[in-house]
Amino acid sequence: MAVLVGRRALLQAFRVHTADRDSACRIAAATTCTRQYVLSGKATTRGYSSDFKDDLRVRYLDGEDSGIVVVGINRPKAKNAISKNLVKMMFDTVEDIKKNNKVRSVIICSLVPGIFCAGADLKERAKMHQSEVGPFVSKARALITELGNLPVPTIAAIDGAALGGGLEMALACDIRISSNNAKMGLVETKLAIIPGAGGTQRLPRVISVSLAKELIFAARVVDGTEACRLGLVNHSVEQNESGDAAYLRALELSREINPQGPIAVRMAKLAINQGIEVDLSTGLAIEEACYSQVIPTKDRLEGLAAFKEKRRPHFKGE
């Protein structure tokens, strides 16, 4: 197993040199930490302002960790608040991941110590005309929905405050891991509004309806330990000196997922996500339909051969 690194090393890993960036573009079918693309041997950049190009840093891991994508939010001056630019960058990143069948899991994390995401960028929001607010919230809601619809497992690594839209983003992920001192809450009622990016729907599905109502009505903030007790996060880990304990635990989990049959994992996610929204009989039919998708795969035959030969299987996603 690769040696776990601290936040400083994680940040350094995102400072990809040009050659590495070009390689990442080819491997990732077009996504890099600065969103550059290689077309006919020339690097081009999507239409992000140079002032905001580092708001999101995306890294496709390689070697034994190939298949793991780390999406790092990086708005230190705004506490990773959700801005128009960040929404655009995340939309593009999600689209790139959806098109890349080599991806096996995604980690959403923060590159800013002590913060996961503080929710909406209220300074930017204050400058919006009233007519702009609704469309922006709708776009943010659509982004978080698309994040939840990614076909591969998604893990939110919460090493700091996840408030409002920040927690809604984490709720859209399949798995949440937090540090014990991370703060989480849907605090919109403090501003005389309600969660607008899925919080009123996803939180009751993750914990219970009555507990979700209590947290939302009171705009209550809980720490990682309490969040784990409530079932809001899967794991709460003691924070380390470098402030990235949740990320490191998320990386461990991604490494557990990585060797499994990628098509099977995708079908399992689809069966679970669709099945919990319907009655049991319909859910079982969904499971049967998803199972039928793995029967003709080469990976299934590889799994049987590896079991017979008492060796580790090598799945290719075929």
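Here is a short chat about helices, strands and loops in this predicted model.

User: How do you know that the length of helix α5 agrees with what its residues should span?

Analyst: Happy to go through the numbers. Helix α5 covers residues 130–148, which is 19 residues, and at 1.5 Å a residue these should span 27 Å. The end C-alpha atoms are 28 Å apart, so the two values agree.

User: What makes the buried residues of α5 lie on the same side?

Analyst: The buried residues are Phe136, Ala140, Leu143, Ile144, Leu147 and Gly148. They cover an arc of only 140 degrees around the axis, which puts them on the same side of α5. On the other side of α5, Ser131 and Pro135 are exposed. As background, residues three or four places apart in an α-helix point the same way, because there are 3.6 residues a turn.

User: Why is strand β5 called largely enclosed?

Analyst: Buried means under 20% relative accessible area. Six of the six residues of β5 (residues 105–110) are buried, so the strand is largely enclosed by the rest of the structure. Both faces are covered: Ser105, Ile107 and Cys109 are buried on one side, and Val106, Ile108 and Ser110 are buried on the other.

User: Which strands pair with β5, and in what sense?

Analyst: β4 runs parallel to β5, and six bridges join them; here valine 69 has valine 106 of β5 as its bridge partner. Between these two strands the chain passes through α3, and this β-α-β crossover is right-handed. β5 also pairs with β7 (residues 154–158) in the parallel sense, over three bridges. In that pairing, threonine 154 of β7 is the bridge partner of valine 106.

User: What makes β6 and β11 edge strands?

Analyst: Four strands form an open sheet in the order β6-β8-β10-β11, with mixed pairing. β6 (115–117) and β11 (222–223) each pair on one side only. Within this sheet, β8 (residues 161–163) and β10 (residues 183–185) run parallel and are joined by two bridges. Leucine 163 stands opposite glycine 185 in β10.

User: How do you know that alanine 219 is buried, and what is its phi?

Analyst: Buried means under 20%. The relative accessible area of alanine 219 is 5%, so this residue is buried. Its phi is positive, about 50 degrees, although alanine 219 is not a glycine. Alanine 219 sits in the loop between α8 (209–217) and β11.

User: Where is lysine 79, and what is its phi?

Analyst: Lysine 79 is in the loop between β4 (68–73) and α3 (84–99). The phi of lysine 79 is near 55 degrees, a positive value in a residue other than glycine.

Conventions:
Residues numbered from 1 in each chain as written. Predicted model: local features only at pLDDT ≥ 70, side-chain atom pairs only at ≥ 80, totals over all residues. Heavy atoms only, no water. Expected span 1.5 Å × (residues − 1). Buried < 20%, exposed > 50% of the residue type's maximum accessible area, 1.4 Å probe, protein only. Arc of directions from axis to C-beta. Pairing = 2+ DSSP bridges. Right-handed = clockwise from strand over helix to strand, strands pointing away.
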